[in-house]
Amino acid sequence: MAIKVRININPNGLLANNNRFTAAQKWLDNEVIKDCNPYVPFRTGDLATSAIRHTVIGSGMIVYKTPYAKAVYNSNGWHFYVDIHELATDHWLDVVKPLQLEKWQNGVMKILGDR
């Protein structure tokens, strides 16, 4: 099973050949993975590192792919092993997004040259 999260700053593909857009999308994909990492449940590390292994950076699609990814993400209240990732939780993107959205927006706008 996989969890796929669309984080796309250009959903209609209008800027796909624009170098700044490509750089901004790659930056955003990396930032989302990096910022979510401390919140992804971590026991063996497979779930957290699956986003690195299965995401095509710049695609706007973050992919967590393990046999249990969907069950963990949708677990609603499971207690997770927190020795490595103290902030581990289900629905990690829902937790991280409001905390990091302004930073993500500012970073994208800076790369696009609008700030």
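This report walks through the helices, aromatic pairs, salt bridges and nonpolar core of the structure above.

## Ground rules

The model is predicted, so local features are taken at pLDDT of at least 70 and side-chain atom pairs at pLDDT 80 or more, while totals for chains, interfaces and linings use all residues. Residues are numbered from 1 along each chain as its sequence is written, and side-chain values use heavy atoms, with hydrogens and water left out.

Helices (H or I, at least four residues) and strands (E, at least two) are DSSP runs, numbered from the N terminus. As for accessibility, buried means under 20% relative accessible area, exposed means over 50%, and partly exposed is in between (1.4 Å probe, protein chains only).

Helix H4 covers residues 92-112 and has a kink of about 60° centred on Gln100. The bend at a residue is the angle between axes fitted to the seven residues ending there and the seven starting there.

Just after H4, Gly113 takes a positive phi of about 90°. His91 has a positive phi too, about 50°, and it isn't a glycine. His91 sits in the loop between helix H3 (69-73) and H4, and it counts as buried because its relative accessible area is 19%.

## Aromatic pairs

Rings of Phe, Tyr and Trp (its six-membered ring) pair if their centres lie within 6.5 Å; planes under 30 degrees apart are stacked, over 60 edge-to-face, and the rest tilted. The structure has three such pairs. One of them is Tyr64 with Trp92, edge-to-face at 5.1 Å centre to centre and 75° between the planes. That pair links distant parts of the chain, with Tyr64 in strand E2 (residues 61-65) and Trp92 in helix H4, 28 residues apart. Tyr64 and Trp92 are both buried.

Trp78 and Phe80 make a tilted pair, because their ring centres are 6.3 Å apart and their planes are at 55°. Trp78 is partly exposed at 47% relative accessibility, whereas Phe80 is buried at 18%. There's a cluster as well: Tyr64, Tyr73 and Trp92 form one aromatic group.

## A salt-bridge network

Side chains of opposite charge can pair when their charged atoms come close. Here a salt bridge is a side-chain nitrogen of Lys or Arg within 4 Å of a carboxyl oxygen of Asp or Glu, and the count comes to four. Lys34 takes part in a bridge with Glu31, where the closest N and O atoms are 3.3 Å apart. Lys34 and Glu31 both lie in helix H1, three residues apart, or about one turn of the helix. An α-helix has 3.6 residues a turn, so residues three or four places apart point the same way. Lys34 is partly exposed, with a relative accessible area of 47%, but Glu31 is buried at 12%.

Lys34 also bridges to Asp35, with the closest N and O atoms 3.8 Å apart. Asp35 is buried at 11% relative accessibility. What does Lys103 meet in a salt bridge? The partner is Asp35, at 2.7 Å from N to O. This pair links distant parts of the chain, Lys103 in helix H4 and Asp35 in helix H1, 68 residues apart. Lys103 is partly exposed, its relative accessible area being 32%. Shared partners join Glu31, Lys34, Asp35 and Lys103 into one network.

In soluble globular proteins, nonpolar side chains tend to be buried together. A nonpolar core is a set of buried Ala, Val, Leu, Ile, Met, Phe, Trp, Tyr and Cys residues joined through side-chain atoms within 4.5 Å. The largest one in this model has 26 residues, and those with the most contacts inside it are Val32, Cys36, Leu47, Ile62, Tyr64, Trp92 and Leu93. The elements giving two or more residues to this core are H1, helix H2 (46-54), E2, H3 and H4.

Buried or exposed, what is Gln25? Gln25 is buried, with a relative accessible area of 1%. It's found in helix H1 (residues 19-36). Gln25 and Met61 are 36 residues apart in sequence and 10.0 Å apart in space, C-alpha to C-alpha.
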